[in-house]
Amino acid sequence: MITIEEFKEIQEDQDYKHLGLFNRSGDPLVRFNSTNKSPGERLEIIEKRLKSPTLIDSVYILKAKNNTQKDTLTDDYIIVKDHETMKEINTSGEIQTLSEHKTGVYNFKEGIELNSKLIRAELENDHLKIRIQELEKVIEDLEDQLKEAETLGDEQKTPIQDFLQETLKTAIPIFDKFMELKERKIQLAEQGATQTQQAPENPEFRNLNQDGADILDKKIKAFILVQDPETQEYLKQCYNSSNTLDGFFTMVDNYDQDLFNNLKISLNGGS
């Protein structure tokens with residue numbers, strides 16, 4: 001985690017073109033600047049927004065990128081508000097956790113470590129909840145399409161039926177991870193670290209948004225982008241115009257059966 005002042009130094013080096021401020025749930029507080037606004041102007045607005053008394057959390061996410069395309073992955077920085085504090089330090093150098101359920105006294109190092117672990121788990125938990133909600137919608141859609149495909153029988157099997165069952169399996173690790181984090185949160189709370197006002201130091205936090213619900217969409221887009229320009233343009237038109245995944249795969253199958261077979265291999269984890 002860093003302060004907004006520390007991010008300014010990073011911005012001087014990285015020179016990001018677009019900046020935005022979000023809360024831990026991913027809701028925008030200051031949206032990305034357009035090409036008509038400079039990143040410097042947007043950073044001033046973000047800094048001013050962070051000083052607002054209405055922002056009661058101690059950590060926020062500053063997202064940075066270099067173009068306005070929606071599928072561009074952002075570099076995420078955990079910004080901590082300077083004036084926030086989560087603990088009261090007494091005159092003996094010990095730290096008192098602010099908990100409604102436990103009032104144990106810890107030394108400074110123990111208190112920091114416990115709170116850091118809990119906050120890291122809760123931040124990951126918040127992001128996984130969002131991914132799980134999105135993933136549940138994808139699973140529901142895939143299950144509906146699978147049921148429709150199964151009713152057609154072996155003689156009328158649709159192109160999507162071959163890999164739907166494999167795709168559904170990718171949801172299981174996400175739910176397992178969520179339950180593991182939930183258990184970690186309970187265990188840490190029992191140790192007395194119940195506050196959630198600091199950000200994690202885990203650098204992998206910035207890439208959590210790559211996991212989970214958008215895996216199928218990313219695989220399809222990745223496959224399209226490695227084709228030759230003519231094929232790529234055709235696949236983009238099919239993907240954007242089709243109302244269902246089944247419709248998209250049927251169009252690809254009718255266009256070029258070899259191309260469709262390569263797409264199935266790619267989506268099922270092949271090279």
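Glu 5 and Lys 8 stand three residues apart in helix H1 (residues 4-14), which means that about one helical turn separates them. In this predicted model, their side chains meet in a salt bridge, with 3.3 Å from N to O. Glu 5 counts as partly exposed because its relative accessibility is 41%, and Lys 8 is likewise partly exposed, with a relative accessible area of 25%.

Lys 8 also meets the side chain of Glu 47 in a salt bridge of 2.9 Å, N to O. Since Lys 8 lies in helix H1 and Glu 47 in helix H2 (residues 39-50), this pair ties together parts that are 39 residues apart in sequence. Glu 47 is buried, with a relative accessible area of 15%, and Glu 5, Lys 8 and Glu 47 are thus linked in a network of salt bridges.

The count of salt bridges comes to four, and the table sets out some of them, including the pair formed by Asp 15 and Lys 17.

| Salt bridge | N to O distance |
|---|---|
| Glu 5 and Lys 8 | 3.3 Å |
| Lys 8 and Glu 47 | 2.9 Å |
| Asp 15 and Lys 17 | 3.0 Å |

In the pair of Asp 15 and Lys 17, Asp 15 counts as partly exposed at 38% relative accessibility, and Lys 17 is partly exposed with a relative accessible area of 40%.

Elsewhere, the surface carries a patch of negative charge, in which Glu 140, Asp 141, Glu 143, Asp 144 and Glu 148 gather. One of these residues, Glu 143, has its place in helix H3 (residues 108-151), and at 37% relative accessibility Glu 143 counts as partly exposed.

Note on methods. Residues numbered from 1 in each chain as written. Predicted model: local features only at pLDDT ≥ 70, side-chain atom pairs only at ≥ 80, totals over all residues. Heavy atoms only, no water. Patch = residues over 30% accessible without salt bridge, like charges linked within 9 Å, V, L, I, M, F, W, Y side chains within 5 Å. Areas by Shrake-Rupley, 256 points an atom, 1.4 Å probe, with all protein chains shown as cover. Lys, Arg positive; Asp, Glu negative; His and termini not counted. Charge placed at Lys NZ, Arg CZ, Asp CG, Glu CD. Helix = DSSP H or I, 4+ residues; strand = E, 2+ residues; numbered from the N terminus. Buried < 20%, exposed > 50% of the residue type's maximum accessible area, 1.4 Å probe, protein only.
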